[in-house]
Amino acid sequence: VSSEPSLDVKIADLLNPVGFDGDAPGRLWILDQSLLPGERKILTLDSVEAVHAAIHRLAVRGAPAIGIAGAYGVVVAAQSLPPDLTAAAALPRLEEMARRLAAARPTAVNLAWAIDEVMARVRARASENPGLTALGLAREALVKARELDENNKLRCERIGRFGAELLKSGDVVYTHCNAGPLATAGIGTALGVLAVAARQGKRLSAFAAETRPLLQGARLTSYELRELGIPVRLVTDGMAAHVFANFSVSAVLVGADRIAANGDTANKIGTHSLAVVAQHYGVPLYVAAPLSTFDLSIPDGKGIPIEERVPEEITEFAGRRVAPHGVGVFNPAFDVTPAPLIRGIITEAGIASPPSRETIRALFTKPS
Ligand code: MRU
């Protein structure tokens, strides 16, 4: 994949969610998104437990970004072993730590995918060169993790370019959750489309849903859109129908955490209701995601594992209990939007429109 990244360097730095400094042994850092936009804090993650916890508590979040964090997490895991340990002794321990990391969040397939990619390189190098040490494995893991990081930047850029073709000056875009630079290594997926269209000189504005229960839309998406200079109106999730009934919304653009072979798409909870409302009002809904978000081993959305999170994310608000004690809670983090409600899936290989087994298959046969 090649093309020039487009985000203004200052904004790219400000919104870069994850990185790795130096060679192995080196330092994995993340921007703690749980504190944004109020506080900007960089955390160093120096153990597998710390990486797992950061992903689980959404300090780093968004499908591609947790993939990159997991990939660098494998480097951290290898660095935690005695540096002179032989590859044969190191590999089983590394496999176990990689499995633990991959389980930090179950829905976004990018996490397991990226960890698998790094482990595949590590296994291959260990079998080619049995003299390799644990430190050598860490260095091999770092090469692959950096490649995935760089690649995601370029893939976001291409998603942005394909998607921008769908937008024209004056369009009003409705988005949900957060699929911008903070959720990826680059300009974002859904928000990358807006960023590229704005760079092409198209005058756009957006509605961003606050996104229950953790307010990624309110805290992160509206912050990114402000930095990108795209006028945004923040709304609560329950306002979607009212917005469509009263404003001329041109399109809904959302990201994805796992897309089944038939195009059914898991994304942040609330996306499915939004899709139903959008269809009622005749507003096209597009999903923007890299090919690494597809899970072709799953025939349809019924097979996508849905993460359930702690009740306190709903019973409390900003750390204060708001619901009465003793109430039951159901807190799935994602839902599945059936493919017939999706007008197209925008990827770095083109747009699957309408999404179907055939249009999706075709994306994977194109050279990347
Ligand atoms: O729970 P989160 O904040 O990780 O959920 C993120 C989303 O649902 C995003 O829309 C998704 O990961 C798209 S990735 C750019």
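Me: What kind of model is it, and how are residues numbered?
Reply: It is a predicted model: local features need pLDDT of at least 70, side-chain atom pairs count only at pLDDT 80 or more, and totals for chains, interfaces and linings use all residues. Residues are numbered from 1 along each chain as its sequence is written, and side-chain values use heavy atoms, with hydrogens and water left out.

Me: Ok. How many residues surround the ligand?
Reply: 18 do, and the closest are Arg-61, Ala-63, Arg-105, Gln-216 and Lys-268. Near means a heavy atom within 4 Å.

Me: What classes are they?
Reply: The shell has 7 nonpolar, 7 polar and 4 charged residues. Here Ala, Val, Leu, Ile, Met, Phe, Trp, Tyr, Cys and Pro count as nonpolar, Asp, Glu, Lys and Arg as charged, and the others, Gly among them, as polar.

Me: Which polar atoms lie by the ligand oxygens?
Reply: For a backbone N or O of Ala-63 the distance to a ligand oxygen is 2.8 Å. A side-chain N or O of Asp-257 is 2.9 Å from a ligand oxygen. The cut-off for a polar contact is a pair of N or O atoms within 3.5 Å.

Me: How much of the ligand does the protein bury?
Reply: 100% of the 410 Å² that the ligand exposes when taken alone. Areas are Shrake-Rupley, with a 1.4 Å probe.

Me: Which elements give two or more residues to the shell?
Reply: α3 (63-79) and β9. Helices (H or I, at least four residues) and strands (E, at least two) are DSSP runs, numbered from the N terminus.

Me: Switching to the sheet. What is the strand order?
Reply: β11-β8-β9-β14, an open sheet of 4 strands with mixed pairing. β11 (294-295) and β14 (334-337) each have a single partner strand, so one side of each lacks a neighbour in the sheet. Strands pair if DSSP finds at least two bridges between them.

Me: And how do β9 and β14 pair?
Reply: Antiparallel, over 4 bridges; β9 spans residues 265-268. Asn-267 stands opposite Asp-335 in β14.

Me: Last topic: where are the cis peptide bonds you have?
Reply: One joins Arg-212 and Pro-213, with omega about -5 degrees. Another runs from Ser-353 to Pro-354, with omega near -10 degrees. Pro-213 is in the loop between β5 (205-209) and α8 (216-228).

Definitions and conventions
Polar contact = N/O pair within 3.5 Å; in protein donor to acceptor, adjacent residues only side chain to side chain.
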